[in-house]
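Open the model in your viewer and keep the sequence panel beside it. We will go from the whole chain to single residues.

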Amino acid sequence: MRFAEIVGWGKALPPTVLTNDDLSKMVDTSDEWITTRTGIKERRISHVGATEMAVVAARRALAAADMDPAELDLVVNATCTPETLIPASASHVQARLAARNAGAMDLNANCSGFVYGLVTVSDMIKAGSVDNVLLVGVEKLSYLVDYTDRSTCVLFGDGAGAVVLTPSDRPVGVLSSELGVDGEAADILCVPEFGTAGRPGRPDPRRSGIYMEGQEVFRRAVTKMGEASVAVVEKAGWELTDVDLLIPHQANLRIIDATARRMGLPASKVFVNIHAYGNTSAATIPVAITEALEQEMIRPGANLVLAAFGGGLTWAAAAVKWGERTTPLSVSDAELPPVTQTVWELLQPNFEFYGLPEKLRD
Ligand SMILES: CC(C)(COP(=O)(O)OP(=O)(O)OC[C@H]1O[C@@H](n2cnc3c(N)ncnc32)[C@H](O)[C@@H]1OP(=O)(O)O)[C@@H](O)C(=O)NCCC(=O)NCCS
């Protein structure tokens with residue numbers, strides 16, 4: 001029987017930091033409110049496009065797997081902020097990597113996109129239709145953030161993470177999964193006019209940023225991430241006590257804590273980096289996997305649960321058996337280009353489109 005093992009991993013986080021104190025210079029908020037309500041201290045704002053972040057994360061993941069891009073059969077970008085729609089953003093990544101033997105496609109399930117992608121490509125590998133796959137989670141969410149709206153602008157950030165998968169005859173990788181959606185409630189977390197919903201060339205700033213009914217999304221995220229996480233543990237034939245590490249989507253520390261409580265996991269078995277990056281949607285989990293490996297929180301043969309919730313309203317969880325190797329085979333020298341702008345200069349296009357935040361008006 002064929003399984004699909006994660007053999008490479010990497011991340012690319014833009015260096016520019018937007019702190020809670022920076023946000024309190026724009027809108028009526030405070031470090032204290034943001035920290036206690038969300039767990040976020042800072043987030044990254046990208047000076048480059050999503051492709052550049054994806055390519056750096058991908059090169060690092062390929063190096064960790066010691067794999068040449070020409071060996072890839074498929075490149076998948078999980079994203080809801082592609083640099084272009086035509087071509088799909090995975091085509092840019094395929095071209096930049098010169099992955100000349102690969103197919104390429106984007107997959108959009110919003111914040112659950114990486115887990116949806118992991119389940120999809122793992123099943124393609126298990127079925128034998130592909131061997132080597134690059135799966136990227138990349139977001140430039142700052143593009144969609146209206147910094148006049150204090151209820152959403154504190155939450156989101158930019159970044160990319162990537163994994164490389166390859167067939168294995170050992171029982172590793174995704175052992176069980178749950179994918180769900182409540183499309184009827186999708187309008188409580190949406191960007192109303194990013195696609196063809198708008199008039200060509202006439203974007204409406206009031207309908208082009210992220211809209212969210214926070215409390216209702218929160219309530220549903222707690223329920224669905226908890227239910228899906230418990231379900232994949234049962235389906236994998238594990239007990240909850242067999243779980244070595246929960247790697248949850250990082251949207252709100254209180255959602256993470258509630259999911260861990262539902263699973264009866266102590267804090268030492270839960271990966272958290274929300275303080276550093278906020279919510280980076282589909283990039284969150286591959287970045288978290290990479291950092292959990294760097295911090296030696298994933299041991300050889302570890303039992304992992306990945307769980308996500310987001311726009312759609314989608315949710316996804318997977319029970320993942322890690323393989324034997326937890327260190328990279330080699331290290332890439334790929335880097336993002338240097339930043340020449342301040343964080344305020346990077347946010348200027350948002351201010352021009354959505355409006356200047358209240359406190360910057362004088
Ligand atoms: C957005 C979120 C942090 C808001 O936290 P909350 O505890 O639900 O806060 P509420 O929306 O109830 O707002 C409470 C008060 O804080 C205010 N508030 C909202 N944002 C604020 C901010 N940045 N700073 C200060 N006050 C703020 C509200 O206006 C409200 O004030 P009021 O009581 O005077 O009306 C939280 O609901 C959340 O994380 N939701 C889910 C996010 C998520 O999971 N997304 C899914 C993936 S994309």
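**Before you click**

This is a predicted model, so local features need pLDDT of at least 70 and side-chain atom pairs count only at pLDDT 80 or more, while totals for chains, interfaces and linings use all residues. Residues are numbered from 1 along each chain as its sequence is written.

**Stop 1: the whole protein**

Show everything as a cartoon. The protein has 11 helices and 13 strands. Helices (H or I, at least four residues) and strands (E, at least two) are DSSP runs, numbered from the N terminus. Along its principal axes, the C-alpha trace spans about 65 × 45 × 35 Å.

Of the 362 residues, 52% count as buried. A residue is buried if 20 or more other C-beta atoms lie within 10 Å of its own, exposed if 12 or fewer, and partly exposed in between; C-beta atoms are placed from the backbone.

**Stop 2: the five-stranded sheet**

Select β1, β7, β6, β4 and β5. They form an open sheet in that order, with mixed pairing. Two strands pair if DSSP finds at least two bridges between them. Strands of a sheet pair through backbone hydrogen bonds, either parallel or antiparallel.

Which strands sit at the edges? They are β1 (3-12) and β5 (103-107), each pairing on one side only.

Zoom in on β1 and β7 (residues 158-168). These two pair in the antiparallel sense over 9 bridges. Find Ala12: Ala160 in β7 stands opposite.

Helix α4 lies across β4 (74-78), β5 and β6 (133-140), and runs at about 135° to β4. Here, contact means that two C-beta atoms, placed from the backbone, lie within 7 Å. Axes are lines fitted to C-alpha atoms, for helices over the stretch in contact, and angles run from 0 to 180 degrees between N-to-C directions.

**Stop 3: around the ligand**

Select the ligand and its surroundings. It is surrounded by 22 residues, and the closest are Thr29, Gly214, Phe218, Ala251 and Asn252.

At least two residues each come from α2 (31-38), α6 (150-153), α7 (214-235) and β12 (303-310).

Colour the shell by type. There are 11 nonpolar, 9 polar and 2 charged residues. Ala, Val, Leu, Ile, Met, Phe, Trp, Tyr, Cys and Pro count as nonpolar, Asp, Glu, Lys and Arg as charged, and the others, Gly among them, as polar.

**Stop 4**

Most residues other than glycine have a negative phi, and most peptide bonds are trans.

- Ile86 to Pro87: this peptide bond is cis, with omega near 5°. Pro87 is in the loop between β4 and α4.
- Gly312 to Leu313: this bond is cis too, with omega near -15°. Leu313 lies in the loop between β12 and β13 (314-321).
- Asp66: phi is positive, near 55°. Look in the loop between α3 (50-65) and β4. Asp66 is partly exposed, because 13 other C-beta atoms lie within 10 Å.
- Asn110: phi is near 55°, again positive. Asn110 lies in the loop between β5 and α5 (113-127). Asn110 counts as buried, with 24 C-beta neighbours inside 10 Å.

Note on methods. A residue is near a molecule or strand if its C-beta atom, placed from the backbone, lies within 6 Å of it.
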